[in-house]
Protein chains: 2
Amino acid sequence: MMDTKILVIEDEIALSDAIKTHFESEGYDVKVAFDGPEGITFFKMYDPDIIILDITLPKKDGWQVCREIRENSSKPIIITSIKGDVFDKVLGLELGADDYMVKPIDNKELSARVKAVLRRCQSQTPQADDEVIRFENIEVSLQKYELKLRGRSVDIPPKELELLYFLASNYNRVFTRDQLLDKVWGFDYLGDSRTVDVHIKRLREKLEGTSEKWVIKTVWGVGYKFELLG
Amino acid sequence: MMDTKILVIEDEIALSDAIKTHFESEGYDVKVAFDGPEGITFFKMYDPDIIILDITLPKKDGWQVCREIRENSSKPIIITSIKGDVFDKVLGLELGADDYMVKPIDNKELSARVKAVLRRCQSQTPQADDEVIRFENIEVSLQKYELKLRGRSVDIPPKELELLYFLASNYNRVFTRDQLLDKVWGFDYLGDSRTVDVHIKRLREKLEGTSEKWVIKTVWGVGYKFELLG
DNA sequence: CTGATTTTTTAACGAAGTTTGCACAAAAAA
DNA sequence: TTTTTTGTGCAAACTTCGTTAAAAAATCAG
């Protein structure tokens, strides 16, 4: 298998080091650039398969770098943004970014996203996308923003879908309300943790009686989990 | 229960008073410093969980204070600045501030930000692998918050689970009630050591007859241990 | 842009579950 | 026996949870 090459454009050395070490341990080939112009140069020289690009960079910011890379190439780009940054999803997508993450970066999550993005870009059929979670009688697609129960499409608001998707893709694991706010609502979210309860309630209404094999369970004093039953 | 300590470094007395009153009414412990050096001193003495730091301060400005705090600690810092101040977000982020607010300060928003920042800092940690403790017929997972006896999932309240987890992961070692209160309930817990007895009792009820190979044993005059037999 | 509709968030309150303090009984050492 | 330590039952205090309703925010259609 040919080594997949990752270019990391990131000025915070501690972070870029961590990412480099992590991906190298997973068998990728990694190169790091520390500012915008260096990023562009390395991109041309190194010809990476995927770029992980920070928004706040010295000399030339991430948006600009993204734009320039897109002039010559359609290689996938994952954008990372610091908390508190003015960060525009839509702008990112218009510039041709393929995914984005808000710092702090969790290596495991980054890995998953890199894999997902590569898979997406390598498979020619754009419809064939693996970001669908399936268990008995349930199917959650983040890309189509669609929930299917017993094969039937069910209307569901976006936040509920995202919450369900997150819980289901980390099944059996408990998350506190605060963790869910971070992961589903986002790092910068300001708001009450009781919000989670209400969404869970509405999810349970929709899912009620769909299957005996799984359930959204309350772990008293801790939080919630999507549990697969034996 | 809410024992979170906030250090407010702010020279404008009307404002610091308002903040103090507000957070105390929400159950936080608040201390106020009125200039830079005092802020540093209080930081060392008081060991707060979070710092709310004004930029314009007598004697030593907020940037400098931020820098000095960051030399020794990664405790979260929220910076406040007067509207119209020369105010550099990026500089702030580089110095390690965690959030910003522009005056005038709205108490509710400040509360929300404090909560959000604390949440962020707390959910940094728990990505750890699932540490499951296993002995014959027993399985304790802190990640799933689950206790399995003879392969069956058994309902158990969080404190009991944590106590069991702690004892089992330090099997054969005796802990006094006070040590258990420290380790399981938290070092700042104030309460009766008989509480431990009660939890031990209920644990024993649940675990009774599960296995001949281990037991929660009383060490008379000392405390308890999870003992492996054989 | 405006008003209607949907979604999300907040607030409140009762219900359910947990933890704790206390009193006293039982057990172990002295 | 006396003293000390531990076990247990119970009720009170406390936390957390589920649900509802209403406010606020976002989205959509015209």
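Helix H2 of chain B passes helix H3 of chain B in a right-handed crossing. This is a predicted model, so please take everything I say as computed.

H2(B) covers residues 36-46 and H3(B) covers residues 62-72. Two packed helices are described by the angle between their axes and the distance between the axes. For this pair, the angle is about 20° and the axes are 10 Å apart. Angles under 35 degrees count as roughly parallel, and H2(B) and H3(B) are therefore roughly parallel to each other.

Which residues meet in this pair? From H2(B) there are B:Gly36, B:Ile40 and B:Phe43, and from H3(B) there are B:Val65, B:Glu68 and B:Ile69. By class, the contact of H2(B) with H3(B) has 4 nonpolar residues, 1 polar and 1 charged.

Next, helix H7 of chain B, residues 177-185. Its buried residues are B:Leu180, B:Leu181, B:Val184 and B:Trp185. They span an arc of only 105° around the axis, which puts them on the same side of H7(B). An α-helix has 3.6 residues a turn, so residues three or four places apart point the same way. On the other side of H7(B), two residues are exposed, B:Asp178 and B:Lys183.

What do the buried residues of H7(B) pack against? In chain B, the partners are helix H6 (158-169), strand S10 (175-176), helix H8 (194-207) and strand S12 (223-228).

Last, the residue that follows H7(B) is B:Gly186, and its phi is positive, near 115°.

Definitions and conventions:
Residues are numbered from 1 along each chain as its sequence is written. Chains are lettered from A and ligands numbered from 1 in the order in which they are written. This is a predicted model: local features need pLDDT of at least 70, side-chain atom pairs count only at pLDDT 80 or more; totals for chains, interfaces and linings use all residues. Side-chain values use heavy atoms; hydrogens and water are left out. Axes are lines fitted to C-alpha atoms, for helices over the stretch in contact, and angles run from 0 to 180 degrees between N-to-C directions. Helices (H or I, at least four residues) and strands (E, at least two) are DSSP runs, numbered from the N terminus. Angles under 35 degrees count as roughly parallel, over 145 as roughly antiparallel, 65 to 115 as roughly perpendicular and the rest as oblique. A crossing is left-handed if the near helix is turned anticlockwise from the far one by less than a right angle, and right-handed if clockwise. Contact means heavy atoms within 4.5 Å. Ala, Val, Leu, Ile, Met, Phe, Trp, Tyr, Cys and Pro count as nonpolar, Asp, Glu, Lys and Arg as charged, and the others, Gly among them, as polar. Buried means under 20% relative accessible area, exposed over 50%, partly exposed in between (1.4 Å probe, protein chains only). The arc is that of the directions from the helix axis to the C-beta atoms.
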